[in-house]
Amino acid sequence: EGVGPQEYVLIKLQVLPVEEDGPRHAKMAKLLEMAGRDNKKIYFVPATLRPETMYGQTNCFVLPEGEYGAYTVDATEEIFIMSPRSARGLSCQTYQDGQYYTKEFGKIDCLETFKGDELLGLPLKAPLAKYEKVYTLPLLTISMFKGTGIVTSVPSDAPDDYVSLKALQDKADFRAKYGITDEMVLPYDVVPIISIAGYGEASAEFMCKKLKIKSPNEKAKLTQAKDETYLKGFTIGIMTVGPYKGKKVSDVKPIIRQEMIEAGQACLYFE
Ligand code: A2H
């Protein structure tokens, strides 16, 4: 795509103690215990192009059939959950001051592997989000060849996220199939965060309703909704929450990105 690499912002969503006893979260419970002994935190690290929308996070998506790993990140002394492909990519990139993410360039340390299914229904702490706790939910359209294979969900501004969360909220059988409880989805209303003239304060929801998009499989309509909201959000969007309330998205996007990086809530990833 285009010239040069794409810059993504990896958002760090911290894994909270597992809430169910079953076998599904056994590996994560063990990893949390081990990490706790070393005073380390474990994070899901979705890649995003829209760091300024993190106020609107309602959940985090993983691909149920995807293969993921838990990787040591020496530069931050943390553990990242991501695709093996992105872990290799990250290990060849610098964190700060020319220091690599991993101790040695290109050397990755995988502590555990997971099938996406084993990562569903986990509680996370998402930076800047209104909700204290959000859950990992299934998204079947995730590509394991892009970003980290994990997507943080902002249904107010991402049409894909809106229809996917809505499908889980509307369909009890869809939730049941992936072991997702009512508590993990029903309390999570769309959070209005960016006002766009003519599109209201939740442009993705507005466009999905206008185009009558009912399912994550309606690719053409979703692309139309995405193209329109993405461009408009950046060019004429105004923040309606947070410390930059009233400011233009195009002005504050780089500031919010930088603040999140400096606060240890995010880091950069190129591919
Ligand atoms: B964006 P591009 Cl609010 N599979 O983040 C599918 N989608 C992925 C992905 C993967 N492996 N990795 C990242 N993404 C999503 C926020 C957002 C995003 C908003 C609005 C639009 C938007 C919240 N989700 O993206 O192909 C991530 O969703 C519109 C394209 O590299 C990421 O940014 O251009 C975006 O797609 C990266 O897509």
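Biologist: Where is the place of Arg50?

Modeller: This is a predicted model. In it, Arg50 is in the loop between β4 and β5 (59-62).

Biologist: Why is Arg50 called buried?

Modeller: The cut-off for buried is 20 or more other C-beta atoms within 10 Å. Arg50 has 21 within 10 Å, so Arg50 is buried.

Biologist: What separation is there between the C-alpha atoms of Arg50 and Ala158?

Modeller: The separation is 9.6 Å, although the two residues are 108 residues apart along the chain. Ala158 is also among the residues closest to the ligand, together with Thr48, Lys146, Gly147 and Asp157.

Biologist: Which element gives the most to the shell around the ligand?

Modeller: That is β13, with three residues. β4 (47-48) and α7 (219-236) each supply at least two. The shell holds seven nonpolar, eight polar and five charged residues.

Biologist: Why are α3 and α6 called roughly perpendicular?

Modeller: Helix α3 (residues 159-170) and helix α6 (residues 203-210) pack at an angle of about 70°, with axes 8 Å apart. Roughly perpendicular covers 65 to 115 degrees. The angle is in that range, therefore α3 and α6 count as roughly perpendicular to each other.

Biologist: Which residues of α3 and α6 meet?

Modeller: Pro159, Tyr162 and Val163 in α3 meet Ala204, Glu205, Met207 and Cys208 in α6. Six residues of this contact are nonpolar, none is polar and one is charged.

Biologist: Which residues touch the most other members of the largest nonpolar core?

Modeller: They are Leu10, Phe44, Val45, Ile81 and Leu137, in a core of 76 residues. Leu137 touches, among others, Phe61, Leu120 and Ile180.

Notes:
Residues are numbered from 1 along each chain as its sequence is written. This is a predicted model: local features need pLDDT of at least 70, side-chain atom pairs count only at pLDDT 80 or more; totals for chains, interfaces and linings use all residues. A nonpolar core is a set of buried Ala, Val, Leu, Ile, Met, Phe, Trp, Tyr and Cys residues joined through C-beta atoms within 7 Å. A residue is buried if 20 or more other C-beta atoms lie within 10 Å of its own, exposed if 12 or fewer, and partly exposed in between; C-beta atoms are placed from the backbone. Two residues are in contact if their C-beta atoms, placed from the backbone, lie within 7 Å. A residue is near a molecule or strand if its C-beta atom, placed from the backbone, lies within 6 Å of it. Helices (H or I, at least four residues) and strands (E, at least two) are DSSP runs, numbered from the N terminus. Ala, Val, Leu, Ile, Met, Phe, Trp, Tyr, Cys and Pro count as nonpolar, Asp, Glu, Lys and Arg as charged, and the others, Gly among them, as polar. Axes are lines fitted to C-alpha atoms, for helices over the stretch in contact, and angles run from 0 to 180 degrees between N-to-C directions. Angles under 35 degrees count as roughly parallel, over 145 as roughly antiparallel, 65 to 115 as roughly perpendicular and the rest as oblique. Lists of a residue's contacts leave out its neighbours within four places in sequence.
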